Amino acid sequence: MASPLATRVSKTIKERKLFRQGCRTVLVALSGGADSVALLLVLQELGYETVAAHCNFHLRGAESDQDAAFVTDLCRKLGVQLHQTDFDTIAYARQQSLSIEMAARELRYGWFARLQQDLDIENVTVAHHADDNAETMVLNLCRGTGISGLCGMPYKREDGVVRPLLDASRKEIEEYLAERKVSYCTDSTNTDTRFRRNLIRHRIMPLLHELNPSVDEALARTRENLEGVAACYAQALEPLRQELHASGKINIQTIQSSPAPFTILYDLLHPFGFNRSQIREMATAMDKAPGATFYSPTLRLIHERKALALLPLASDPSGKEYYQLNLADDKLDLPDGKRLTWRKGTPSELNLKSLHRPNKQLLLSAKAVEMMGTLILRHPQHGDYIYPYGLKGQKTVSRFLIDRRIARSRREQTWLLCHDEDVLWIPEHGADRRFALDALHPSEEYILFSFCP
């Protein structure tokens, strides 16, 4: 008959679908403490083939080495394959400017991921339990958090890390080990309240138990309720996430018509490196005239008339400023998926019946192009100007595009066909009248440029 703890863990595995159907081999993060030892034994009891992984962070001197020796002896007795590694955690923390806790976390999970790949094991199990999760919820609440933070730790992460003990209490785990008379290691730093989690565990949680002796159950119910809310919220937000990834834009009207514009903006933009203060300002800026720009370490967000546009810091995502046309070819494929094509011939060969030039086409004399020499395609630069065909005078390219109500993000990504500093053509928008033709001569050759967006 299965033990009560094994029964609970089995239920969690099934209900939360922690392992792929048919999966029988799992990697166990084995520190030697009560929780990880219990996890190893429970998974064995449930019939899983277990492989153990132990990290020695060398933070507690001889005690760290004693833990490693205990784990080695335990795995030998149980017939469990063991993988061990050593870290200079303090040096890594200094190099990366991290706290000791965060450094150990990065080292641990990085090694687990490499080990999973090397051993071809889908999941690594860690021994966080219900008490840990309650502490995490309180800790996140004190820091300031959203729905996901108040849900505590997930049962299963995208990288294959799973927590089968998350529905079991520390008391159940200790009773399980006591019944089997199995020893374990005790980390002396667990009582050091200089660490935030220990402060929560030893000082805050006892006070909460005085307020409500059933606070653990209350927090578990809260977590379950919030998990449902978080799932519904994520489902509602998904179309906006997909639109942002597909178009690089957030529709302002959609955000403003939502019941919580700032919350939605935060969840959409925080993953891109924008901070809370910036996003609060963005939410306010949507009611003002367009033009405001916000910067993350790698991106910028521009307030346009109808949308917030997310763009790279460089105006040209390809990292290239100029594309020189080789007229011996017949096309130029651009990094944004657009294409410039050209054909040379007489009016009859090009099927030209008039000088009418739609915005997507430009007609030039082949002799004039030959005299120009090099033609380039590039994005607008400060100081570019054009003498628009059909209009009087000159305009800066920027003003020309603004007058056509082209959004700022699109203006920066517009292509210009140029010779030296002269702008011959702004594909899709207009040509320079200085290079216009007065008439077509049947025997002369022309070059017809076409732009495919």
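The structure is a predicted model. Strand β9 pairs with strand β6 and with strand β8. The second largest pocket has a lining to which α10 contributes the most residues.

**Helix α1**

- Helix α1 has 12 residues, which should span 16 Å at 1.5 Å a residue; the C-alpha atoms at its ends are 17 Å apart, so the two values agree.
- The residues of α1 that are buried are L5, A6, V9, S10, T12 and I13.
- An α-helix has 3.6 residues a turn, so residues three or four places apart point the same way.
- On the face of α1 turned away from the buried side are the exposed residues P4, K14 and E15.

**Helix α3**

- Helix α3 comprises residues 62-78, and its 17 residues reach 24 Å from the first C-alpha to the last, close to the expected 24 Å.
- Its buried residues are E63, S64, D67, A68, F70, V71, L74 and C75.
- The exposed residues Q66, R76 and K77 are carried on the face of α3 that is turned away from its buried side.

**Strands around β9**

- Strand β9 spans residues 307-312 and is mostly covered, with five of its six residues buried.
- Strand β6, residues 249-251, pairs with β9 in the antiparallel sense over three bridges, and I250 stands opposite L308 in β9.
- Strand β8, residues 299-303, also runs antiparallel to β9 and is joined to it by five bridges; here R300 stands opposite L311 in β9.
- A hairpin of three residues connects β8 to β9.
- In a regular strand, side chains alternate between the two faces of the sheet.

**The second largest pocket**

- The second largest pocket holds about 620 Å³ of space.
- It is lined by 24 residues, and those closest to its centre are R8, A130, D167, A168 and A220.
- Helices α1 (4-15), α6 (130-143), α8 (170-179) and α10 (215-247) each supply at least two residues of this lining.
- Helix α10 gives the most, with seven residues.
- By type, the lining of this pocket divides into 14 charged, seven nonpolar and three polar residues.

Definitions and conventions
Residues numbered from 1 in each chain as written. Predicted model: local features only at pLDDT ≥ 70, side-chain atom pairs only at ≥ 80, totals over all residues. Heavy atoms only, no water. Buried < 20%, exposed > 50% of the residue type's maximum accessible area, 1.4 Å probe, protein only. Helix = DSSP H or I, 4+ residues; strand = E, 2+ residues; numbered from the N terminus. Pairing = 2+ DSSP bridges. 1 Å grid on protein atoms, 1.4 Å probe; cavity = no way out; pocket = protein on both sides within 12 Å on 5 of 7 lines; lining within 4 Å. Points joined across faces, edges and corners; volume = space filled by probe spheres on them. Nonpolar A, V, L, I, M, F, W, Y, C, P; charged D, E, K, R; others polar. Expected span 1.5 Å × (residues − 1).
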